[in-house]
Amino acid sequence: MEVLLVLYQRRRNHLRACRNAIEFNSIPSIKRLVPGGYDNLKLDVILAIPPKYQKGLDRDAVAAVFPYGETKFTIQDGGMIAPSGIAIESLGDTNDDMIVVCCAVTVGY
């Protein structure tokens, strides 16, 4: 893969980590830089998630965060679990775990 950009973010939610890694960056010349433009982008996404939360990862929801290109995921142990001090049952919380996920996105073609 020819690398154009590497982005990194950490957040309490895997979807938010991915979205934040890409949303504040712009590569307006993709159509000139990448043969075939946006549709030929290749995204390598590495998510560092605490092991006990990896099983619940919705890869389709994460892939939907990226509007263009082909996405490849690597899931690895990492991130952090910290007490949030509150569990909100109506939001699906079963405990007061605050989950921090690290996301690195390599953009290329």
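Q: Which element gives the most to the lining of the second largest pocket?

A: That would be α1, with three residues in the lining. Bear in mind that this is a predicted model.

Q: How much space lies in that second largest pocket?

A: About 320 Å³. The lining is made up of 17 residues, and the closest to the centre are I22, N25, L41, P67 and Y68.

Q: And which elements give two or more residues to that lining?

A: Those are β1, covering 3-11, and α1, covering 14-23.

Q: What does the lining of the second largest pocket have by class?

A: The lining has 13 nonpolar residues, along with two polar and two charged ones.

Q: You mentioned Y68, so let's go to aromatics. How many aromatic pairs does a search of the whole structure find?

A: One. The pair is Y38 with Y68: their ring centres are 4.4 Å apart and the planes are at 35 degrees, so the pair counts as tilted.

Q: Where do Y38 and Y68 lie?

A: Both are in loops: Y38 is between α2 (30-33) and β2 (42-49), while Y68 is between α4 (59-64) and β3 (70-77). The pair therefore ties together parts that are 30 residues apart in sequence.

Q: How exposed is each of them, Y38 and Y68?

A: Y38 is partly exposed, at 25% relative accessible area. Y68 also falls in the partly exposed class, at 40%.

Q: Let me zoom out. How many helices and strands are there in the protein?

A: There are four helices and five strands. Along the sequence they follow the pattern β-α-α-β-α-α-β-β-β.

Q: What does the C-alpha trace span, roughly?

A: About 50 × 25 × 20 Å along the principal axes. Of the 109 residues, 29% are buried.

Q: What share of the contacts comes from residues 24 or more positions apart?

A: Counting contacts with a separation of 6 or more, 73% are between residues 24 or more positions apart.

Q: Now the strands. In what sense do β2 and β3 pair, parallel or antiparallel?

A: Parallel, over eight bridges. One of the residues to look at is K42, whose bridge partner in β3 is E70. K42 also has a bridge partner in β5, namely G108.

Q: So what about β2 and β5, parallel or antiparallel?

A: Antiparallel, with seven bridges. L43 is bridged to V107 of β5.

Q: How many bridges join β4 to β5?

A: Four, and the two strands run antiparallel. Look at P83, which stands opposite D97 in β5.

Q: Changing topic to glycines: where is the place of G78?

A: G78 is in the loop between β3 and β4. With neighbours within four places in sequence set aside, G78 is in contact with A48, I49 and P50.

Q: Is G78 buried, exposed or partly exposed, and why?

A: Partly exposed, because its relative accessibility is 25% and the buried class is for values under 20%. As for distances, the C-alpha atoms of G78 and A104 are 12 Å apart, with the two residues 26 apart along the chain.

Q: And where is G92 found?

A: G92 is in the loop between β4 (80-83) and β5 (97-108).

Q: Why does G92 count as exposed?

A: Because its relative accessibility is 54%, and exposed means over 50%.

Q: Last one: how far apart are G92 and F66 in space?

A: 25 Å from C-alpha to C-alpha, while in sequence they are 26 residues apart.

Notes. Residues numbered from 1 in each chain as written. Predicted model: local features only at pLDDT ≥ 70, side-chain atom pairs only at ≥ 80, totals over all residues. Heavy atoms only, no water. Buried < 20%, exposed > 50% of the residue type's maximum accessible area, 1.4 Å probe, protein only. 1 Å grid on protein atoms, 1.4 Å probe; cavity = no way out; pocket = protein on both sides within 12 Å on 5 of 7 lines; lining within 4 Å. Points joined across faces, edges and corners; volume = space filled by probe spheres on them. Nonpolar A, V, L, I, M, F, W, Y, C, P; charged D, E, K, R; others polar. Phe/Tyr/Trp six-rings, centres within 6.5 Å; stacked < 30°, edge-to-face > 60°. Pairing = 2+ DSSP bridges. Contact = heavy atoms within 4.5 Å.
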